[in-house]
Amino acid sequence: MDSIKEIRNHIDSVQQTLKITNAMYLISSSKLRKAREQLTNVQPYFVKTTQTISDILHRTQDVEHIYFDRRPGKPHKAGFIIITGDKGLAGAYNHNVLRLAEEHMQKFDDPTLFLVGQTGRSYFRHKGVTVDVEFMYTAQDPTPPRAREIADLFVEHFRKGRLDEVYVVYTELVTPLQLQPKILKLLPLDRDAFPWQPRPRADGGIRREVTYMPSAAEVLNHIVPVYLKGALFGAMVESFCSEQNARMTAMDTATENARSLLKQLSLEYNRARQAAITQEITEIVAGAQGGDAAAGAE
């Protein structure tokens with residue numbers, strides 16, 4: 001059995017760990033709520049953008065556009081935006097999204113990676129995969145301006161022919177108990193992903209035909225990057241929320257384990273104290289008996 005001092009030191013160490021895990025749980029909970037609120041606030045704008053693209057594709061079905069049409073006869077150059085966390089202590093969150101990314105990367109000869117998050121950069125550093133070294137973004141605090149910067153970058157690569165396809169690999173928060181790694185194709189866009197849903201006017205009248213100036217293609221040049229920014233921002237927020245939720249779960253489990261360990265250590269501490277007290281009393285009684293025996297012999 002360990003000494004009383006060793007058990008006491010172990011209890012103090014576990015109590016400090018308990019404070020840390022509990023604090024990390026509260027911090028992750030606050031970050032998750034803040035990110036969800038931010039996504040909710042900007043969502044109506046991006047929904048309206050999606051509806052506008054659907055209207056354009058429906059009313060001008062013969063329109064050809066670089067964002068929707070695959071380039072024929074060109075080599076397949078794919079780019080992957082992989083969103084991981086900046087830290088660990090989040091269960092299998094980072095491992096799952098990296099595994100999904102590697103599975104899809106095997107379909108292409110020389111994929112280019114755009115890594116969001118320190119964990120992904122550390123993982124692929126020694127993999128021999130082409131990584132955009134100037135693409136240095138953290139996963140913390142996703143914002144629309146940051147999503148716009150990233151979207152402008154890969155849209156430029158796509159328009160200049162450096163990439164034929166662009167994917168984003170992220171984690172979706174399905175439920176607080178279910179995190180699902182997903183891959184979403186950003187470019188070229190699939191026309192079937194924009195079904196047209198007629199929206200009646202508020203006064204009950206009939207919607208008139210729309211004329212796009214100077215052309216439908218030119219309007220798409222301005223609207224599609226906004227849609228891509230919204231899709232990327234949604235993926236970044238989903239990943240960030242998933243990371244915080246996974247960390248909350250991990251820290252909650254760690255906190256419960258620490259409390260269970262504290263109960264066990266408290267029992268051991270009490271037993272050690274009782275054993276020490278019993279031993280001390282035994283030694284005192286034995287000493288007193290020995291003194292009485294020595295006095296009687298005299």
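Modeller: Buried here means under 20% relative accessible area, with exposed being over 50% and partly exposed in between, using a 1.4 Å probe and protein chains only. The strand spans residues 78–83, and six of its six residues are buried. Strands are DSSP runs of E with at least two residues, helices are runs of H or I with at least four, and both are numbered from the N terminus.

Before going on, keep in mind that this is a predicted model, where local features need pLDDT of at least 70, side-chain atom pairs count only at pLDDT 80 or more, and totals for chains, interfaces and linings use all residues. Residues are numbered from 1 along each chain as its sequence is written, and side-chain values use heavy atoms, leaving out hydrogens and water.

Now the pairing, which takes at least two DSSP bridges between two strands. S1 runs parallel to S4 (residues 165–175), and five bridges join them; Ile81, for one, has Val168 as its bridge partner there. S2 (residues 112–116) is also parallel to S1, again with five bridges, and in S2 the partner of Ile83 is Val116. To get from S1 to S2, the chain passes through helix H2 (residues 93–105), in a right-handed β-α-β crossover. Right-handed means that, with the strands pointing away from the viewer, the path from the first strand over the helix to the second runs clockwise.
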